[in-house]
Amino acid sequence: MKNYFFLFLFLSFLACKKDYDNPRINQLSRIDNKAETYSIIPKPVQLDKYKGRFLVNDSTQIYAYDSLQNEAKLAKEYLGGLPKITAIPENPEALKYGIILKINDSLQHEDAYHLSIQTNNIKIEGKSAEAVFYGIQSLRQLVPLKKNRAKKAEIVNKELALTTNKFSEAEILIPAVEISDYPRFSYRGMHLDVARHMFPVSFIKRYIDMIALHKMNTFHWHLTDDQGWRIEIKKYPKLTEVGAKRKETIVGKNFDPYKGDEKEYGGFYTQEQIKEIVAYAKTKHVTIIPEIELPGHSRAALAAYPELGNRTGPYTVATKWGVFEQIYAPKEATFTFLENVLSEVAELFPGKYIHIGGDEVPKKEWKESKQAQQFMKEHNLKDANALQSYFVQRIEKFLNGRGKQIIGWDEILEGGIAPNATIMSWRGTKGGIEAAKQKHDVIMTPNQVLYFDHYQGNPNTEPLAIGGHTSVFDVYNYNPIPESLNQEESNYILGAQANVWTEYIDSPEKVEYMVLPRMSALAEVVWTPKNKKDWFNFLKRLPSLEARFDNLSLNYSKNLPTDIDLKKAEELQKNPKS
């Protein structure tokens, strides 16, 4: 009986090995890959080129442990659906051939992966499933696009002087390489405002795909603002019955005199849709952070529940952009409302954080409200800034009790920061520096370089935008760690995020245009070690990624770097500290 068992193992090994005994495949080890660009964005920490190529066809096996079945399915998808996903064989010899996905706890860095492509196999090892996924994203960028496979096969056939058994365009040839890689920052984020303009579920998933392609890991979803409430809250149906609709939208920048389009605008995401999106994001290792604005940017909520205001109504959902004086009143009914809302939000989003806004809060109403002044007196609050601090700290305490941490815009520093809050520094870097010095975690998102609603080219030829100018070079040249922080303080900088405010972005196509390829530049900022970054090398690699954008039908900006950008880059090469 024992002999039969060993015979079975031997035959299993031969079955796995037979394709690789084929001289046609063994010839691939002769191929010189000097001409290959290995155009991966973000740039890996370490990449070593080798001779040879790995052949993927419908006989290729993907071996993945149970915890990596999701990653195996994605690898199969990115490889044109050709490989077969197979259980880990009992015979370890079989793992010398095919594509192997594996967890390796011994890797030193968090989210580190190792990708090895040889003639006989591809191995992707990661410290976690997320890290293996990042290795698969690097593999994905090495896979020739379908339209290029015939040319790749022709080049290989010519180099090997094959007259029979030629490689075909139905097969995928991937160049040999060894990559060891890990991210510079733990937080690598993209934001999207759906309050000013809303986008369908299908596009939210597509946006998550864009984030994942760039090895970014966080989607900050701005769900409420003056111009619309976009999340279903079952306890408060008027939030979507009333707060999700505005009677019209301002046309262009016609503020004075005001001109509206006379078309009702509205919509929201049901809780079932949100669950669907959260589950989808999980498969791409993207965490979603919901933002529920308070105590300002709250006109949509006040239109639905005017009793929560400072008696300055009637309240309507805003039809134009800007900062409005109407804000939540500091009273128990307001806190009860917000706690009930956030309880439902916390149930929908399993991540660590909930963003509570806290930005652009005019204090005029609180200063003039007898009720607000009485509330301040009762709670020993010296001024309106102290009241805002109380407001935020009370919400933080509530959310901490439910296992959540808060993120707020840098205005929540005013009046005293909440004990456990993470700061999102948007008004430049000052708020981030101040928070880090106070030993609070920080996410850098300065509007000067990471607001992707700004123009990226000549305003005379670009689509209408809110203003400003942020080029791909501006993004690429950004360093999230301010020079004024020492090493200990720098450890509080979790990473960086780009924000996409949608006052003048009303379609999925325009979101893509405003984001790409600036997202690609940011991806390298937050992933690649600072000393490995190279603007001119990035420009050489970018066309390969843009070809993938074309393949995915993504609408991206084709603005070329200006002479000013190139001159700045040349100066930085000569003097990196300038």
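Two strands count as paired if DSSP finds at least two bridges between them. Strands (E, at least two residues) and helices (H or I, at least four) are DSSP runs, numbered from the N terminus. The model is predicted: local features need pLDDT of at least 70, side-chain atom pairs count only at pLDDT 80 or more, and totals for chains, interfaces and linings use all residues. Residues are numbered from 1 along each chain as its sequence is written, and side-chain values use heavy atoms, with hydrogens and water left out.

Next, select residues 422–425 and 442–444. These are strand 19 and strand 20, which run parallel and are joined by three bridges. Ser 425 faces Met 444 of strand 20.

**The nonpolar cores**

Now display Met 190, Tyr 207 and Trp 221. They have the most contacts inside the largest nonpolar core, which has 151 residues. A nonpolar core is a set of buried Ala, Val, Leu, Ile, Met, Phe, Trp, Tyr and Cys residues joined through side-chain atoms within 4.5 Å. Buried means under 20% relative accessible area, exposed over 50%, and partly exposed in between (1.4 Å probe, protein chains only). Another core, of 11 residues, lies apart from the largest one; Tyr 187, Tyr 353, Trp 409 and Ile 443 are among its members.

**The salt bridges**

The structure holds 15 salt bridges, each a side-chain nitrogen of Lys or Arg within 4 Å of a carboxyl oxygen of Asp or Glu.

Select Arg 196 with Asp 193: their side chains form a salt bridge of 3.2 Å, N to O, and both residues are buried.

Move on to Arg 427 and Asp 410, whose closest N and O atoms are 2.6 Å apart in a salt bridge. Arg 427 sits in the loop between strand 19 and helix 14 (430–437), and Asp 410 in the loop between strand 18 (405–409) and strand 19. Arg 427 is partly exposed, at 41% relative accessible area, whereas Asp 410 is buried, at 2%.

Finally, select Asp 193, Arg 196, Asp 225 and Glu 503, which salt bridges with shared partners join into one network.
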